[in-house]
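Open the model in your viewer and keep the selection tool ready.

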Amino acid sequence: MVEAKWKQSKYSPSLEEYMSNAKISISLELAIQSTLFFLDEPISDGQIMHVDYLRIMDIVSMIGSLNNDIQSYKVIYVSNIYDIVYWY
């Protein structure tokens with residue numbers, strides 16, 4: 001949604017703006033968290049809110065987003081989706 005607004009207004013986001021939005025839109029954290037709850041080991045709220053866990057989720061989301069952008073760069077000009085490969 002945010003990328004569409006950027007495209008429509010011909011706005012070029014900063015790398016920080018782009019990555020902040022990309023980490024949310026990739027939704028990897030949600031997929032990982034829901035998978036964790038099906039493991040045999042119980043997970044406490046304290047573990048999920050721990051600073052190390054949050055940092056790992058941030059990095060995983062960033063890598064997932066960048067990987068998605070790299071893999072999909074060929075369709076950028078066909079679709080309405082602009083990614084980091086286009087912007088930079």
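Which residues in α2 meet which residues in α5? This is a predicted model, and the tour begins with that contact.

**Stop 1: the two helices.** Select residues 15-25, which form helix α2, and residues 51-71, which form helix α5. Two packed helices are described by the angle between their axes and the distance between the axes. Here the angle is about 100 degrees, and the axes are 8 Å apart. Angles of 65 to 115 degrees count as roughly perpendicular, so α2 and α5 are described as roughly perpendicular to each other.

**Stop 2: the contact.** Show side chains for Tyr18, Met19, Ala22 and Lys23 on the α2 side. On the α5 side, show Asp58, Ser61, Met62, Ser65, Leu66 and Asp69. These two groups are the residues that meet. Coloured by class, the contact of α2 with α5 has five nonpolar, two polar and three charged residues.

**Stop 3: Ser65.** Select Ser65, which lies in helix α5. Is Ser65 buried or exposed? Its relative accessibility is 3%, and buried means under 20%, so Ser65 counts as buried. Leave aside the neighbours within four places in sequence, and Ser65 is in contact with Ala22 and Ile26. Ala22 was already on show at the previous stop, as one of the α2 residues that meet α5.

Stop 4: Side chains of opposite charge can pair when their charged atoms come close. How many salt bridges does the structure hold? It holds two. For one of them, select Asp58 and Lys23, whose side chains meet at 2.8 Å, N to O. Asp58 lies in helix α5 and Lys23 in helix α2, so this pair ties together parts that are 35 residues apart in sequence. Asp58 counts as partly exposed, at 23% relative accessibility. Lys23 is partly exposed too, with a relative accessible area of 22%.

**Stop 5: Arg55.** Asp58 forms a salt bridge with Arg55, and the closest N and O atoms are 2.8 Å apart. Both residues of this pair, Asp58 and Arg55, lie in helix α5, three residues apart, which is about one turn of the helix. Arg55 has 47% relative accessibility and counts as partly exposed.

**Stop 6: the network.** Finally, show Lys23, Arg55 and Asp58 together. What links Lys23, Arg55 and Asp58? The three residues are linked in a network of salt bridges, in which Asp58 pairs with Lys23 and also with Arg55.

Notes:
Residues are numbered from 1 along each chain as its sequence is written. This is a predicted model: local features need pLDDT of at least 70, side-chain atom pairs count only at pLDDT 80 or more; totals for chains, interfaces and linings use all residues. Side-chain values use heavy atoms; hydrogens and water are left out. Axes are lines fitted to C-alpha atoms, for helices over the stretch in contact, and angles run from 0 to 180 degrees between N-to-C directions. Helices (H or I, at least four residues) and strands (E, at least two) are DSSP runs, numbered from the N terminus. Angles under 35 degrees count as roughly parallel, over 145 as roughly antiparallel, 65 to 115 as roughly perpendicular and the rest as oblique. Contact means heavy atoms within 4.5 Å. Ala, Val, Leu, Ile, Met, Phe, Trp, Tyr, Cys and Pro count as nonpolar, Asp, Glu, Lys and Arg as charged, and the others, Gly among them, as polar. Buried means under 20% relative accessible area, exposed over 50%, partly exposed in between (1.4 Å probe, protein chains only). A salt bridge is a side-chain nitrogen of Lys or Arg within 4 Å of a carboxyl oxygen of Asp or Glu.
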